[in-house]
Amino acid sequence: MEAAKKRRQALEAPIPTSSNSAISKGANTTSNAVLLSRPQVARKAAVVSPPTKISGPNSKTSGPPILKIDLRAHSKPQFRQAVATQYYNEFLRIYGSLSEVGSSLATQHAIDQEKVVHSKTNQGSYRSIAATVLQRLKKRPAATSDFDVGIDGEWVDPSLKTKEDFMSDQIWKRASKYIQTIEELELNGYPISIPTGSPPPLDIIQTCDRCQKQFERSESLTDEGKLECHFHERRIRTRIQNGDKCYTTGGFELIRISVIDKTGKPIMDELVKPKNIVLDLNSRFSGITSLDGAKYTLEQARDRFLELISNDTIIIGQSLENDFKVLRLVHTCVIDTAM
């Protein structure tokens, strides 16, 4: 018993840390050992300084990242913070040659990397996957240019890039020039701020999008109402451009969310459970004939989507204002190809 007690005390003993930046060889080795085998110490050691702002017209946050506490997360916030801090140490080493830009990138990519790991794991697998990603970051060489950046899973070794890859990098570097202004988004019906107060009451008398006839809206649909309801498939006047939404007794509701990354690779494709009774799935346009496989509510689907993006993520699409509205999403870093 005495020997076991001493071993436990030794494991929980704090690890000495240097007052200098944690990018030194000794600091890296220690933090890796903590993450791999001593998460309880990692939680104690994850004391980070407040992030700072880089001066300049396009100033961004730099310094050790501070994660927002998510009460629905499957892993403890202290351990997630420790993981993000160690990712930051590695990104700071990798981007060391990029000066101030590298410092802000290290902060943002540490947050993004931890978010991706958390979204792809559960409580049982989070630690091992996080450690595996850290090991790969440690083997990664220092960046040679501002094209040689990216989180694990997205970064491509420059020596392996093709001519098309370099052209793609050039295009994405210039993408920020095409982001719509707040005024343009507001003019085109995008939600640009969170509404205050109570929503206005919805008129009981509504007009059908398909046959343009008026009808009386109700919160529920009776058996008689189901028999009276027709979908007018051959008399459509307003075409549904996005098959991800359906008609319900509460109006348009999201039933599917699909997201691809900048390479065209799908990173999210989920069915969503509507809150109200479904009148028409719009199968003619969406191809969705059943929601039996839907496992997320609107709020849960939105949370998953938010794990994949940050405030600086550029979302590209055509006429996204309706998608943002049904998602209850405010995001102003948008390139709308319809504008």
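Modeller: Asp152 forms a salt bridge (a side-chain nitrogen of Lys or Arg within 4 Å of a carboxyl oxygen of Asp or Glu) with Arg136, and the closest N and O atoms of the two are 2.7 Å apart. Please keep in mind that this is a predicted model, in which local features need pLDDT of at least 70 and side-chain atom pairs count only at pLDDT 80 or more, whereas totals for chains, interfaces and linings use all residues. Residues are numbered from 1 along each chain as its sequence is written, and side-chain values use heavy atoms, with hydrogens and water left out.

This pair links distant parts of the chain, since Arg136 belongs to helix α6 (126-139) while Asp152, 16 residues away, sits in the loop between α6 and α7 (163-174). Helices (H or I, at least four residues) and strands (E, at least two) are DSSP runs, numbered from the N terminus. Asp152 is buried, with a relative accessible area of 19%, whereas Arg136, at 42%, counts as partly exposed; with a 1.4 Å probe and protein chains only, buried means under 20% relative accessible area, exposed over 50%, and partly exposed in between.

The structure holds nine salt bridges, and another of them brings together the side chains of Glu270 and Arg304, at 3.0 Å from N to O. Because Glu270 lies in strand β8 (residues 266-271) and Arg304 in helix α11 (residues 298-306), this pair ties together parts that are 34 residues apart in sequence. Glu270 is buried, its relative accessible area being 16%.

Lys275 is exposed, with a relative accessible area of 63%, while Glu299, at 28%, counts as partly exposed. Salt bridges that share partners also join Asp70, Arg72 and Asp303 into one network.

Residues of α4 including Val83, Tyr87 and Phe91 meet residues of α6 among which are Ala130, Val133, Leu134 and Leu137. Leaving aside neighbours within four places in sequence, Tyr87 is in contact (heavy atoms within 4.5 Å) with Ala110, Gln113, Glu114, Val117, Ala130, Val133, Leu134 and Leu137.

Tyr87 is also one of the residues with the most contacts inside the largest nonpolar core, together with Phe91 and Tyr95, and this core has 20 residues. The elements that give two or more residues to this core are α4, α5 (99-119) and α6, and α4 gives the most, with seven residues. A nonpolar core is a set of buried Ala, Val, Leu, Ile, Met, Phe, Trp, Tyr and Cys residues joined through side-chain atoms within 4.5 Å.

To place these details in the whole, the protein chain has twelve helices and eleven strands, and 35% of its 339 residues count as buried. Of the contacts in the protein chain with a separation of 6 or more, 59% are between residues 24 or more positions apart.
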